[in-house]
Amino acid sequence: MNGTLKRAAVACMAMFALLMINVNYFQAVRGQTDTFQNDNRDRRNYFERYAIERGRITAGGKVILAQSKEQDGSIRFVRRYAEGELYAHVTGFFSPYTATQIEGTENKLLDGSSADLLLQRGIDMFTGEPTRGANVDLTIDPKVQKAAYDALRQSGKRGAVVAIDPKSGAILAMVSLPTYDPNVLSDPDPGKVTKAYEALDPKSLDTPLLNRTTERTYAPGSTFKVVTTAAWLEEDSSRDGNTNVDAPTRLSLPSTSATLPNYGGAACGGGNVPMAYALQKSCNTPYGKIGLELGYEKMLEQTEKFGIGQSLQVPIPVVASSLGPQEDPAAIAMSAIGQRSVQMTPLQMAMIAAGIANDGKVMKPYLVNRITNHKGDELSAADPEELSEAMSAESAQKLKAMMVSVVNEGTARAAQVPGLEVGGKTGTAETAKGRAPHAWFIGFSDKVALAVLVESGAASVGAEATGGGVAAPIAKSVLEAVQSR
């Protein structure tokens with residue numbers, strides 16, 4: 001009997017010990033992980049989420065894009081966004097159970113829980129001050145952002161605009177349309193937020209919550225010809241814009257009965273034209289032939305030099321762009337003109353333009369300019385970083401000159417700004433049968449590089465549906481805003 005009782009007692013003690021270990025593990029270890037801290041069933045976390053004054057998100061150190069407003073009741077602070085729709089895809093939103101874009105990527109700084117703020121939290125605890133988050137100042141230029149937003153909105157289409165300082169990589173504008181009001185999604189009432197989210201219909205074609213600058217890739221069309229030109233120039237340093245290239249009216253594609261025509265079936269000069277002319281008129285056949293001659297490996301190497309294929313954090317995550325897989329020779333001819341499997345984000349296309357403008361050096365793009373504590377003391381500041389060398393300075397200068405000729409004499413004349421040297425390239429990317437193409441423009445001036453995408457550029461056929469007719473005028477508005485800063 002005593003032996004049985006002893007065994008039962010030992011078993012009870014062992015189970016009790018295991019129970020205590022389990023409780024302490026969940027509280028002390030797993031309780032500190034995001035899985036538990038963000039569990040929707042934890043009402044304590046819900047109220048704690050609104051008990052701290054989150055830091056401000058600003059642009060240019062002056063314009064407040066997001067801040068926390070104090071109010072009475074169990075919800076102490078509510079997030080508010082000035083000109084929310086203008087900056088929605090930059091700031092994101094702070095809802096009862098999630099945070100997106102900068103609100104999400106910089107969450108630990110904004111809510112004061114970052115290890116970088118440990119000293120400040122200790123000082124606040126000693127002095128009795130409440131915990132407050134750090135302020136995040138962005139590289140966005142409000143004037144450039146507004147110009148990009150207004151110009152794209154006037155097109156009445158879905159699309160994106162990205163503007164970058166080519167010398168530093170600082171992102172000056174990031175616009176995606178359609179947009180939304182982050183104030184509605186930042187309401188502390190979960191029921192209201194759910195209804196507002198459902199009303200935005202994230203499964204529709206409009207997908208207003210989608211940041212088209214970083215989260216979706218598109219066929220770049222003829223804007224990609226600048227990458228093909230870069231590979232062509234790098235292969236032979238004696239080449240330049242005056243070097244003649246074959247430009248047939250139609251290019252026979254190997255191992256197929258198909259041919260590659262120029263846009264609208266037009267001829268390209270006399271069949272043998274200077275490379276600058278081929279870029280000015282956006283001829284397909286010489287570029288398809290160059291793609292065949294270079295081959296997949298050389299084209300892939302050139303794309304990688306521009307940063308294509310990398311998943312970046314700016315700190316907003318950026319999906320990787322791609323040349324596409326290696327296929328038959330006919331496929332690389334199509335890839336060389338920006339079709340087939342080539343897929344690019346607008347941010348990546350802006351990086352390509354920036355790399356060319358910056359003598360071949362691609363700077364790593366970034367959105368955060370500096371971080372300060374709630375007293376205004378600087379905690380960290382951006383340190384521009386070179387991402388890659390896409391091409392030699394000599395080749396970049398040759399390509400810049402060709403792109404300037406595209407704006408002065410070619411398909412991108414609508415991007416001209418009086419008194420300003422502008423280089424660029426238009427693109428008209430085929431999408432699906434029966435649907436209008438995407439309209440593109442990428443380009444640069446002395447102070448900015450940019451990419452403009454208008455999804456399904458226009459419903460009609462002709463100049464209106466091209467990058468020169470739809471995207472280039474939007475670029476002009478952005479270039480003028482940068483020039484007048």
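Strand 1 (residues 57–59) and strand 4 run parallel and are joined by three bridges; strands here, like helices, are DSSP runs numbered from the N terminus, with at least two residues (E) for a strand and at least four (H or I) for a helix. Two strands count as paired if DSSP finds at least two bridges between them. Within this pairing, Ile-57 stands opposite Val-136 in strand 4. The model is a predicted one, in which local features need pLDDT of at least 70 and side-chain atom pairs count only at pLDDT 80 or more, while totals for chains, interfaces and linings use all residues. Residues are numbered from 1 along each chain as its sequence is written, and side-chain values use heavy atoms, with hydrogens and water left out.

Strand 4 (residues 135–138) also pairs with strand 14 (residues 368–372), in the antiparallel sense and over four bridges. Here Leu-138 stands opposite Val-368 in strand 14. In a regular strand the side chains alternate between the two faces of the sheet. In strand 4, Asn-135 and Asp-137 point one way, Val-136 and Leu-138 point the other way, and all are buried. Buried means under 20% relative accessible area, exposed means over 50%, and partly exposed lies in between, with a 1.4 Å probe and protein chains only.

The chain as a whole has 17 helices and 19 strands. Of its 485 residues, 51% count as buried. The chain exposes about 21600 Å², of which carbon and sulfur atoms supply 52%; accessible areas come from the Shrake-Rupley method with a 1.4 Å probe, and for residues only the protein chains shown count as cover. Among contacts in the chain with a separation of 6 or more, residues 24 or more positions apart account for 69%, a contact being heavy atoms within 4.5 Å.

Six bridges connect strand 5 (residues 159–164) with strand 19 (residues 449–454) in the antiparallel sense, and Ile-164 stands opposite Ala-449 in strand 19.

Aromatic side chains come next. Rings of Phe, Tyr and Trp (its six-membered ring) pair if their centres lie within 6.5 Å; planes under 30 degrees apart count as stacked, over 60 as edge-to-face and the rest as tilted. By this rule there are three aromatic pairs. The rings of Phe-93 and Tyr-180 have centres 6.1 Å apart and planes at 85°, so this pair is edge-to-face. Phe-93 lies in the loop between helix 4 (84–91) and helix 5 (101–105), and Tyr-180 in the loop between strand 6 and helix 9 (182–185), so that the pair links distant parts of the chain, 87 residues apart. Both Phe-93 and Tyr-180 are buried. Tyr-218 and Trp-440 form another edge-to-face pair, at 6.5 Å centre to centre and 80° between the planes. Tyr-218 is buried at a relative accessible area of 3%, and Trp-440 is buried at 0%.

Helix 11 (225–235) is largely enclosed by the rest of the structure, because nine of its eleven residues are buried. One of its residues is Thr-229, which is buried with a relative accessible area of 0%. Neighbours within four places in sequence aside, Thr-229 is in contact with Met-275, Leu-279, Tyr-287, Leu-399 and Met-402.

Glu-421, in the loop between helix 16 (393–409) and strand 17 (423–429), counts as exposed because its relative accessibility is 58%. Apart from neighbours within four places in sequence, Glu-421 is in contact with Val-404, Phe-444 and Ser-445.
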